[in-house]
Structures are given as structure tokens and as C-alpha cells.
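Here's a quick tour of the model, going from the ligands to the packing around them. Have the structure open as you read.

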Amino acid sequence: MKNRWLLLGLFTTLVLGGCSNTSEPNPTDINAESASLSTQAFPDPNLRAFLNASGWSRTVSLEGHIDTGNPFFQSIGSNGRSCLTCHQPGEGWTVTPAGVQRRFLFSLGTDPIFRLVDGANSPSADVSSLHARRKAYSMLLEKGLIRVGLPIPANAEFTLEAVDDPYGFASAQELSLFRRPMPTTNLSFLSAAMWDGRESIVDAAKHIDLNASLLHQSNSATRTHAQSARDLTDNERQSIVNFETKLFSTQVFDFEAGRLNVKGATGGPEALALQEFFIGINDPLGLNPSGKAFDPSAMTLYTPWQNLAAEGELNGARRAVARGQQIFNTKPINIVGVNGLNDNLGVPSIPGTCTTCHDSPNIGNHSVIAPLNIGLTDLSRRTPDLPLYTLKNKLSLETRQTTDPGRALITGKWADIGKFKGPILRNLAARAPYFHNGSAATLRDAVNFYNQRFLIGLSEPEMQDLVAFLKTI
Ligand code: HEC
Ligand code: HEC
């Protein structure tokens, strides 16, 4: 493990050495400065900045260091995998296609991430040659997708009428759902665990019991992904949860806008670690336990950049980021056809903004359990690499086609088809592609999706500003 950290460090240092010809300091300085800013709270050199397409991101741990002896980094199951296999610090604590491809090249497709159980498009794929492996692991290599296998629940309100699986495996016993690993950082802000919320253990108030949920999740992950024959011990589970819930990650440096925590801006993981959060904080539907009204201006990181002078080397880019934040907070979106909102409220159209759903201040997830169907799994958005499932309602005999039934495979409810949680929107630049199925290769693609799906009418400059903002959080 230590070797991998060393390699990543070497890679970062090498790449950075090559582009130090900028007016902004190199990431070694960023690390040094952040450490001194936080009065020595985060001095560990392991918490270095990692390069991505638009700058550098960085993780801090409330422990002050990354303990690579934690069971998170240990292979406990039978197939050589650890949590680290799919949750890489340098790839936003998930995996990116570039990172997966690098591992494929170095290991000729035998690195532990390449395992038939859920790394391959089908558990029965041919992996006997390099060529065969490249084909068998194409979803992982091209989009960073893991195959989550879940059955139609026994009590479901629907049956599986037909399967069109390009890989010839999926059935009612095990649907193949191609999903992005969710980041194992910024977890202390979760309101639901997993894309479909299936690992959320809730209390009497139906709020997530985060510790209980993640203790259970760590064991499920070890039993399934790592094909472990034994359960994790209570100690192992708690160590993993203690480790992962103390991590905070964000972008810290942007090639256009420079440092993200200067001139009054509060980007960066140290500020995030101090961000207030509780279930229902800033809920738009009156679920805030403090009784406070919803404030659509949920993102305030870059508000001080709104008033920067027009001149100044980086000021133009910084003002664009601030404008993007303003668009995220205020651009009107007519929310229609979103199951979980429009149907539940009985309102065909809801005037909202990005923050109606991404409401947690400066975090961006939905602050309550609120699985929503924004239309990503509809037949109209199916790409040929995804399976298509035809579901039939047992009562009404109505049929629906979807590439991933989402929450419906957990609750068995027809109304839950295609619902997923509103995820945390921090550290985005480090971890393309986006959405549960990696269907948006870039943040621009994600913005394009919203612009088309909700007919927002964003102009080209508005889209650029919104993307500039999303890259910096
Ligand atoms: C083979 C790849 C793989 C391995 C190994 C793996 N995970 Fe994951 N992880 C995923 C995928 C894929 C998801 C999302 C699945 C879904 O939502 O259906 C996920 C989701 C998560 C989440 C949910 C985060 C959220 O925002 O809800 C946590 C926490 C997590 N993993 C922790 C772990 C831990 C701890 C381990 C080691 C015990 C581990 N994972 C091992 C692929 C992996
Ligand atoms: C109606 C609710 C809703 C609105 C409005 C909304 N989102 Fe989302 N957003 C979601 C949900 C739900 C997901 C997860 C969908 C999935 O992957 O299945 C998501 C996912 C995302 C992701 C991908 C995150 C990741 O980890 O892959 C980005 C980026 C994003 N939203 C940005 C925006 C922006 C920008 C806007 C405004 C233009 C916006 N969202 C408006 C509900 C919403």
C-alpha cells in the first residue's frame, strides 16, 4: 500500500514540476500554507494535493494524518481487494477512467479492481486473454462503473417483463446496474447511504443513523466487492467508519481562478470541515427542525468574489466563479416530472433552482432522505452499453422501461423506479464522470443535461460560469 501512495506522490510531484511556471505557487506550497493556516491541524504530508483536469484537490483528516494501517487499506476478503481498490484518494475517493486505465496497463488487466464479480460487464465474461479482458472490463475502463447486482425484491409491485442486457447476464435474480463508486470522503454530511439509499439505517424520526449505516455498509462492501468469507469484526468496522467519516475533500486550486480560499472565498477542505450540517438543514419543504425558512442561496463560498475589481490577473476568472455560484443559487428551474417531488406534492410544476434539490449549505446534497427521479434512466437516455429493463406493474399491468430501477429495487415500489439520492457536490473536478451511471463525461455535460431536461434556457456564457463554479467546489 505504502508503495501506491509513494507512486501517487511521485506522479503528482513529477507532473507539477513540469508546470510550475505560473504566478501561483505549486501545490507543495499549497499544502504548506494550508497546514499553517489551520494552525498545524493538518500537517501530514500524505494529505497532499492531487492533480486533476482543472487544478488540484486536497483531502484533510480530522485525525491530522492518513493512517494507511487502517483496515480501509487492507485486503480482508478473498480477491485481493481493499476499500482503496475502488476508493482512491487521488481520484476523489472513487475511481476515474484514467486511473482505472493506468492500472489496466500496468497490470495487464489483473489488478484487483479487475475481478469478474463486479468489475466486469458480466460475471461470466471471458477474461482469458488481454484482448478479452479489455472487452470484459469496458464499462469500468471507459466510465469507471462497477456492476452492482440486485434482485427484484420478493414483495415488489412489479415483475421483470423483459431484459435487454448487451452482456447477456442480467435476470430477475440479479439485475446488472452499472454505477459509479460514491466518494468515501465528506461522509459526515450524508443524509442517505448509497445511490439508492439501501445502506441507510434510520432512527425513529426517519433520519439516517450515520454510524450504524456505515458500520453495516463496510461489512456489506467486504462481503460483496472483496468476496470475503467472513464478516468484519466490530473493531474493523468501527476503525473504517472512524477513518472515512473524518475525511474532507475539495478542490483547492483552479488553473483559471488560482487559490480557492483567498480574497474572502472559503473554498478548500479546512472550511468544509467546519461547515454546519444537520438533517433537514435548509430544507425547502419545511423539514428543517430549527424552523428556519429555506434560503435558496445555499452556496456562499465565493460570494466575496462577486465584488472583485474588474482588473487584476485572476479577478476575471474569480468573478466568473462567483457568477456561476449565483446561477446555481438563483437561476429559475421549472421542476416538472420529477417523481419524489411533483407526484408526492401533487404539483405538476415547481418553481425552483439547483438548490431546491442540492440544498445543504456549501455541501450540495439533499439534506433529507429524498430519492428523486430526474430522468437519467429513461429509455430516451439509454446508451447501447447499458442494459434496459422492462418492468410491469402487477396491478395496472402498465409497463416502464429503465436502465436502472434505482430505489424501486430496495422498496419494491412502482413509484420509486429511477429514483436516486441527491449527492454531495464537493470535490467534483477530481472525479468525473458524473451521475450514478457516469453518463455525463464532464461537468459541462452535466449542465447540458439539466439545461435540456428542464428547458432552463441557460445562455452559453451562463453555462460557462456555472461550470467554472462547479469545477472549484
Ligand atoms: C469493487 C469496488 C468497490 C470496493 C472494493 C468498495 N466499494 Fe464502496 N462503493 C462502490 C460502489 C460501486 C458504490 C456505489 C454503489 C451504489 O450506490 O449502488 C460504493 C459506495 C460506497 C459508499 C457510499 C457513500 C455514499 O455517499 O453513500 C461507502 C461509504 C463506501 N462505498 C465505502 C466502502 C468501504 C468502507 C469499502 C471497503 C470495506 C468499500 N467501499 C469497497 C464500490 C466499491
Ligand atoms: C429536481 C432535483 C434536482 C435539481 C433541480 C438539480 N439536481 Fe443535480 N442531482 C439531483 C439528483 C437526484 C442527482 C443524482 C442523480 C443520479 O445520478 O441518478 C443529481 C446529481 C447532480 C450532479 C452529479 C454529482 C455526482 O456526484 O455525480 C451534478 C454535477 C449536479 N446534480 C448538478 C446540478 C446543477 C448544476 C443543477 C442546476 C442546474 C442541479 N444539479 C439541479 C437532483 C437535482
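## Around ligand 2

Let's start with ligand 2, which has 21 residues around it, the closest being Cys354, Cys357, His358, His436 and Tyr450 (a residue is near if one of its heavy atoms lies within 4 Å). This is a predicted model, where local features need pLDDT of at least 70 and side-chain atom pairs count only at pLDDT 80 or more, while totals for chains, interfaces and linings use all residues; side-chain values use heavy atoms, with hydrogens and water left out. Residues are numbered from 1 along each chain as its sequence is written, and chains are lettered from A and ligands numbered from 1 in the order in which they are written.

An N or O atom of His358 sits 2.8 Å from a nitrogen atom of the ligand, one of Tyr450 is 2.6 Å from a nitrogen atom, and one of His436 is 2.6 Å from an oxygen atom.

## Around ligand 1

Ligand 1 is surrounded by 29 residues, with Cys83, Cys86, His87, Met194 and Arg198 the closest. For polar contacts, His87 puts a polar side-chain atom 2.8 Å from a ligand nitrogen, and Arg179 puts one 2.8 Å from a ligand oxygen.

Helices and strands here are DSSP runs, of at least four residues (H or I) and at least two (E), numbered from the N terminus.

## Helix H7

H7 covers residues 210–224 and spans 21 Å from first to last C-alpha, close to the 21 Å expected at 1.5 Å a residue (1.5 Å times one less than the number of residues). Its buried residues include Leu210, Leu214 and Gln217, where buried means under 20% relative accessible area with a 1.4 Å probe, protein chains only. The buried residues of H7 pack against helix H8 (234–244), by contacts of heavy atoms within 4.5 Å.

## The nonpolar cores

The largest nonpolar core has 42 residues, and Tyr302, Trp305, Phe328, Phe469, Leu470 and Ile473 have the most contacts inside it. Such a core is a set of buried Ala, Val, Leu, Ile, Met, Phe, Trp, Tyr and Cys residues joined through side-chain atoms within 4.5 Å. H15 supplies its largest share, 6 residues.

Apart from this core lies another, of 19 residues, including Leu190, Ile279, Ile281 and Ile424.

Definitions and conventions:
Buried < 20%, exposed > 50% of the residue type's maximum accessible area, 1.4 Å probe, protein only. Polar contact = N/O pair within 3.5 Å; in protein donor to acceptor, adjacent residues only side chain to side chain.
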